[in-house]
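Colleague: Could you walk me through this one? I'd like to start with contacts and packing, then see where we end up.

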Amino acid sequence: MKKYEIMYILKADLDDAARKKEVSKLHEILTKNGAKITKVDEWGVKDFAYEIKDQKKGYYVVLKVLTDAAVLNEFSRLVRIDEHVIRYLITVAHGN
C-alpha cells in the first residue's frame with residue numbers, strides 16, 4: 001500500500017446535510033475497498049480563479065490515504081460520474 005493525497009471539490013450550493021452525506025459516501029468508497037484514510041482536512045468553500053462547470057466556488061476536501069492503485073481506479077470511476085463533484089485530484093504523498 002502506498003500513501004496518496006486526494007483532493008476533491010464539491011458544489012458549494014449543497015446544504016450541510018447533503019454535503020456531509022456526499023463526503024461520507026466518497027470516503028466509504030475508499031474504506032469499503034480496503035483503503036485506510038489517515039487524515040481528513042475540510043478546507044470549506046473557496047472561490048475559483050475561473051468558472052468550472054458553471055460554478056464560481058467549491059467546497060474543498062483533502063484526504064491522506066493508504067491504499068492500492070486498484071482502489072483509486074474505482075474511486076476515480078465513481079467520482080467522475082458523481083454530479084456533486086466538480087473536480088478531483090489524486091497524487092502520491094511524499095513525507096507525512
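Modeller: One term first: contact here means heavy atoms within 4.5 Å. Please also keep in mind that this is a predicted model.

Colleague: Fine. Which residues does leucine 63 touch, not counting residues up to four places away in sequence?

Modeller: With those neighbours set aside, leucine 63 touches Tyr4, Glu5, Ile6, Tyr8, His27, Leu30, Ile37, Lys39 and Val40.

Colleague: And which residues in the largest nonpolar core touch the most other members?

Modeller: That core has 19 residues, and those touching the most other members are Ile6, Tyr8, Leu10, Leu26, Leu30, Leu63 and Phe75. The elements that contribute two or more residues to this core are S1, helix H1 (16–32), S3 and H2. Apart from it lies another core, of 7 residues, which includes Ile9, Phe48, Tyr60 and Ile86.

Colleague: OK, strands next. How does S1 pair with strand S3, and how with strand S4?

Modeller: Strand S1, residues 2–11, pairs with strand S3, residues 55–67, in the antiparallel sense over 10 bridges, and glutamate 5 stands opposite lysine 64 in S3. The pairing of S1 with strand S4, residues 85–92, is also antiparallel and runs over 7 bridges; there, isoleucine 9 stands opposite arginine 87 in S4.

Colleague: Switching to rings: how many aromatic pairs does the structure hold?

Modeller: The structure holds 2 aromatic pairs. In one of them, the rings of tryptophan 43 and tyrosine 60 have their centres 6.0 Å apart and their planes at 20°, so the pair is stacked. Tryptophan 43 lies in strand S2, residues 36–52, and tyrosine 60 in strand S3, so this pair ties together parts that are 17 residues apart in sequence.

Colleague: Why does 20° make tryptophan 43 and tyrosine 60 a stacked pair?

Modeller: Because planes under 30 degrees apart count as stacked, and the planes of tryptophan 43 and tyrosine 60 are at 20°.

Colleague: Is tyrosine 60 buried or exposed?

Modeller: Tyrosine 60 is buried, with a relative accessible area of 13%, whereas tryptophan 43 counts as partly exposed at 43% relative accessibility.

Colleague: What about phenylalanine 48 and tyrosine 60?

Modeller: Their ring centres are 6.3 Å apart and their planes stand at 70°, so the pair is edge-to-face. This pair links distant parts of the chain, with phenylalanine 48 in strand S2 and tyrosine 60 in strand S3, 12 residues apart. Phenylalanine 48 is buried, at 12% relative accessible area, and Trp43, Phe48 and Tyr60 form one aromatic cluster.

Colleague: Which ring does the charged end of arginine 19 sit over?

Modeller: The charged end of arginine 19 sits over the ring of tyrosine 59, at 4.2 Å from the ring centre.

Colleague: Let's look at serine 76. Where is it, and is serine 76 buried or exposed?

Modeller: Serine 76 belongs to helix H2, residues 69–80, and is buried, because its relative accessible area is 11% and buried means under 20%. Leaving aside neighbours within four places in sequence, serine 76 is in contact with Tyr88 and Ile90.

Colleague: Last one: where is histidine 94 found, and is histidine 94 buried or exposed?

Modeller: Histidine 94 is found in the segment after S4 and counts as exposed, at 72% relative accessibility. The C-alpha atoms of histidine 94 and lysine 21 are separated by 30 Å, and these two residues are 73 residues apart along the chain.

Note on methods. Residues are numbered from 1 along each chain as its sequence is written. This is a predicted model: local features need pLDDT of at least 70, side-chain atom pairs count only at pLDDT 80 or more; totals for chains, interfaces and linings use all residues. Side-chain values use heavy atoms; hydrogens and water are left out. Two strands pair if DSSP finds at least two bridges between them. Helices (H or I, at least four residues) and strands (E, at least two) are DSSP runs, numbered from the N terminus. Buried means under 20% relative accessible area, exposed over 50%, partly exposed in between (1.4 Å probe, protein chains only). A nonpolar core is a set of buried Ala, Val, Leu, Ile, Met, Phe, Trp, Tyr and Cys residues joined through side-chain atoms within 4.5 Å. Rings of Phe, Tyr and Trp (its six-membered ring) pair if their centres lie within 6.5 Å; planes under 30 degrees apart count as stacked, over 60 as edge-to-face and the rest as tilted. A charge sits over a ring if NZ of Lys or CZ of Arg is within 6 Å of the ring centre and within 35 degrees of the ring normal.
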